[in-house]
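Hello,

Here is the structure for you to look over. My notes follow below it.

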Amino acid sequence: MNLSSPNAVNEAAHAEHHRKIEQILAALEACYGRPVHHQHGDVLEELVGTILSQNTSDVNSERAYRSLRQTFPDWRGLTRASDDEIAEAIRSAGLSRQKAPAIRAAVAALLDDGYEERVRWLREAPLEEARAWLQSLPGVGPKTAACVLLFALGRPALPIDTHVYRVSQRLGLLPPGISASAAHRSLESLVPSEDVFRFHVLLIRHGRAVCRARRPMCERCVITDLCDYYNRAQRASHPTRERHGAQQTQPAARQPVDAHRSSQG
Ligand code: SF4
């Protein structure tokens with residue numbers, strides 16, 4: 001390959017990232033097990049559940065979802081409810097005054113064109129068109145849209161939550177300070193379509209168990225040799241160690257991986 005042209009340089013960098021991602025996924029899978037993807041097909045549940053999960057814990061958002069469905073067992077009934085009624089039903093999720101109108105608008109948009117038709121279109125349309133339609137709804141950003149496309153419909157959209165963002169940056173797959181929407185575009189271009197689900201789940205698992213926000217437990221990490229953050233820190237604190245090879249690390253304990261809700265971060 002002629003590396004003197006910018007295209008060739010980009011292609012070489014891309015190929016390097018692909019190899020690195022393959023190695024990261026193989027190591028994390030050996031540690032946490034292979035994630036199993038159950039595409040559930042329920043776009044309404046995924047969209048509403050993901051809006052509820054924004055800026056709160058899984059426990060609180062799941063409680064709010066149950067309360068919402070008990071109050072409005074019929075989705076069409078929810079579209080006729082007031083902001084106050086919806087906000088009261090989802091209080092445990094927090095930000096209920098913002099989430100209530102967003103949920104009503106999202107549900108109405110999905111029902112108004114004929115729900116089955118819209119779901120079929122979201123499944124079959126070019127990925128960017130489906131993503132743009134979802135992101136045109138109030139309260140729906142790149143992560144929520146990607147959750148719907150990936151978890152409900154099995155499309156190769158990569159949700160980037162706080163764990164995926166942090167771990168990817170430390171590994172050197174995302175540049176520092178990149179915006180959320182640019183991070184989605186950038187990582188999706190690097191991760192092969194067939195690996196999007198396992199990449200998402202395994203990075204969240206690793207971010208929760210080992211590569212924690214405040215104090216990453218690098219001494220337990222199985223991907224130190226692939227991590228820019230770790231190798232920078234090693235070079236800074238032991239400038240001569242590089243010449244004698246990388247430090248050996250103890251792998252984290254293998255734990256089963258749950259798909260979907262546990263992967264929401
Ligand atoms: S080496 Fe440390 S910073 Fe890098 S991925 Fe592992 S835990 Fe995170």
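Two residues count as in contact when their C-beta atoms, placed from the backbone, lie within 7 Å. Of the contacts in the chain with a separation of 6 or more, 70% join residues 24 or more positions apart.

The model is predicted: local features need pLDDT of at least 70, side-chain atom pairs count only at pLDDT 80 or more, and totals for chains, interfaces and linings use all residues. Residues are numbered from 1 along each chain as its sequence is written.

The chain has 13 helices and zero strands. Both are DSSP runs, numbered from the N terminus (helices: H or I, at least four residues; strands: E, at least two). Of the 265 residues in the chain, 35% are buried (20 or more other C-beta atoms within 10 Å of their own, all placed from the backbone).

From α10, the contact uses H163, V164, R166, V167 and S168; from α12, H200, L203, I204, H206, G207 and R208.

Then the ligand. There are 14 residues around it, and C211, C218, C221, C227 and Y230 come nearest (near: C-beta atom, placed from the backbone, within 6 Å). α10 gives the most to this shell, three residues.

Best wishes

Note on methods. Buried ≥ 20, exposed ≤ 12 C-beta atoms within 10 Å, placed from the backbone.
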